[in-house]
Structure formats: structure tokens, C-alpha cells
Amino acid sequence: MSARALAVLIAQLSSALGLLLATPALLHFTGREAYGLFGVFATLQSLVFLLDLGASTSMMRETARAATEHEKEHFAQIFRLVMLYALTGALLLMLCAVFASGYISDTWLNVDTLPPGTVETCIALIFLQLALRWFSSFLRAMAIGLEWAISASTVQTIGNILRYGVGTALFAWPTISITTFFAFQVVCALIELLAFIVLLRNQF
């Protein structure tokens, strides 16, 4: 197995295993109502990434073509179009964090013990995290198109370790709240985004 294939496999496994191992721990530490917020996150994430519509795949393909065929002008057009789409999606998700979190907390969840303000804040943080990860997905596709799969997969693996490993370990402190957990997820998503920006800084 090549180093590239191994790096991609490790990144995928870190995501799947991280979620699998974190699930019982989070359910134990947070309780059923708070864990329902993770269900909301999973649902929203599935809906958001369905809206990709193949744009990240196009970015990957066109980046690889530009690198091998030196079609810089054509790639620049594709790059601007995909980045505009990615930025628009990220901004819309941020607007949802401001205007839709209250509606979702009132209509999607039936909670008795969690304060409504806490639920609304957590959903806003979920939208913010999704906005950052949505944008990162396009930068990751660009990195893979440049045949930097090892670097891109390393960033993804470290992000998963922070997200699931360190994030779950936070609950070892009794004073850590569910709001703090989702705030930490936003920090992890921001770190991942910045890592991709640094990786691709000479390509912009």
C-alpha cells in the first residue's frame, strides 16, 4: 500500500472510529437530551454536504488538470466560481446560526432539563462549525487535486483527533458544559480551515 493510500485510509478511519468510540462516552457524560444535539448536528451535516452538488469533485479534477496540463487561465475561472459557491454556502450557514437556531431549538427538540438558551446557543455553534467545515472541504479537494493527499489527510486526521478525542475528553472535567463542547468543535473546525489555508497559501 502506498503512503498516499495509507494516509487517506487513516483519515477515513479516524473519522469513523472517532465517532464510533465517542458516541457511548458522550451519551454517558451528557445524557439523552444533550446527546439529542449530536443528532441534530448529524442531520444538519448530512443536509449541508448534500448541497455540495459535485463542486468539490470538480475542484479536485480541475486542479489536477491544471497542474498537469498547465491550464492556468481555465483553472483560475473554475477556482473563482467554486470559491464563490463555497463562500456563499458558508455565509448562508452563518446566517442560519443567527436567524434559524431559535426556530430549530423550538421545533426540532423537546427538552425538559436543558435551558432553551443553551440549546439555541449550541445549535448556533453547530451551524458555525458546519460553515467552517464546508469551506474546508473545498480546500481539501484542491489539495488532493494537487496530489497532496498525504498532507490533506494528515490535516483531516489531526482534526478528527481533536474533534472526537480531545473533545470527548473535555467531559472528564465536571464543570465542562455542552455549550463548551460545541464551542470547542468550532475551534477545531477553525484550526482545520487555517491549516488548509496555510497548506495552499501559494496557490491562491
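Q: Buried means under 20% relative accessible area. What makes Cys188 buried?
A: In this predicted model, Cys188 has a relative accessible area of 1%. That is under the 20% limit, so Cys188 counts as buried.

Q: How many disulfides does the structure hold, and where does Cys96 stand?
A: The number of disulfides is zero. Cys96 is in none, and the nearest cysteine sulfur, that of Cys122, lies 17 Å from its own.

Q: Why is Cys96 called partly exposed?
A: The class lies between the buried limit of 20% and the exposed limit of 50%. Cys96 has 28% relative accessibility and therefore counts as partly exposed.

Q: What makes H1 and H7 roughly perpendicular?
A: Helix H1 (residues 3-50) and helix H7 (residues 178-199) pack at an angle of about 75 degrees, and their axes are 11 Å apart. Angles of 65 to 115 degrees count as roughly perpendicular, so H1 is roughly perpendicular to H7.

Q: Which residues make the contact of H1 with H7, and how do they divide by class?
A: H1 contributes Leu26, Thr30, Ala34, Leu37 and Phe38, while H7 contributes Ile178, Phe181 and Phe182. By class, seven are nonpolar, one is polar and none is charged.

Q: Why are H1 and H5 called roughly antiparallel?
A: Their axes cross at roughly 170 degrees and come within 15 Å. An angle over 145 degrees counts as roughly antiparallel, and H1 and H5 are therefore placed in that class.

Q: What classes of residue make up the contact of H1 with H5?
A: There are 13 nonpolar, three polar and two charged residues. Among them are Leu37, Phe41 and Leu44 of H1, and Cys122, Ile123 and Ile126 of H5.

Q: How do you know that Ile126 is buried?
A: Ile126, a residue of helix H5, has 0% relative accessibility. The limit for buried is under 20%, so Ile126 counts as buried.

Q: What does Ile126 touch, beyond residues up to four places away in sequence?
A: Ile126 touches Leu37, Phe41, Leu44 and Phe182. The C-alpha atom of Ile126 is also 9.0 Å from that of Gln45, a residue 81 places away along the chain.

Q: Which residues touch the most other members of the largest nonpolar core?
A: Leu37, Met83, Ile178 and Phe182 do, in a core of 52 residues. H1, H2 (55-69), H3 (72-99), H5, H6 (149-169) and H7 each supply at least two residues of this core. H5 gives the most, with 18 residues.

Q: With which residues is Leu37 in contact, leaving aside neighbours within four places in sequence?
A: The contacts of Leu37 are Leu109, Leu114, Val119, Cys122, Ile123, Ile126, Ile178 and Phe182.

Q: What makes Ser136 buried, and where is this residue placed?
A: Ser136 is in helix H5 (residues 116-145). Its relative accessible area is 4%, and buried means under 20%, so Ser136 is buried. Apart from neighbours within four places in sequence, Ser136 is in contact with Ala189, Glu192, Leu193 and Phe196.

Notes. Residues are numbered from 1 along each chain as its sequence is written. This is a predicted model: local features need pLDDT of at least 70, side-chain atom pairs count only at pLDDT 80 or more; totals for chains, interfaces and linings use all residues. Side-chain values use heavy atoms; hydrogens and water are left out. Helices (H or I, at least four residues) and strands (E, at least two) are DSSP runs, numbered from the N terminus. Buried means under 20% relative accessible area, exposed over 50%, partly exposed in between (1.4 Å probe, protein chains only). Contact means heavy atoms within 4.5 Å. Axes are lines fitted to C-alpha atoms, for helices over the stretch in contact, and angles run from 0 to 180 degrees between N-to-C directions. Angles under 35 degrees count as roughly parallel, over 145 as roughly antiparallel, 65 to 115 as roughly perpendicular and the rest as oblique. Ala, Val, Leu, Ile, Met, Phe, Trp, Tyr, Cys and Pro count as nonpolar, Asp, Glu, Lys and Arg as charged, and the others, Gly among them, as polar. A nonpolar core is a set of buried Ala, Val, Leu, Ile, Met, Phe, Trp, Tyr and Cys residues joined through side-chain atoms within 4.5 Å. A disulfide is a pair of cysteine sulfur atoms within 2.5 Å.
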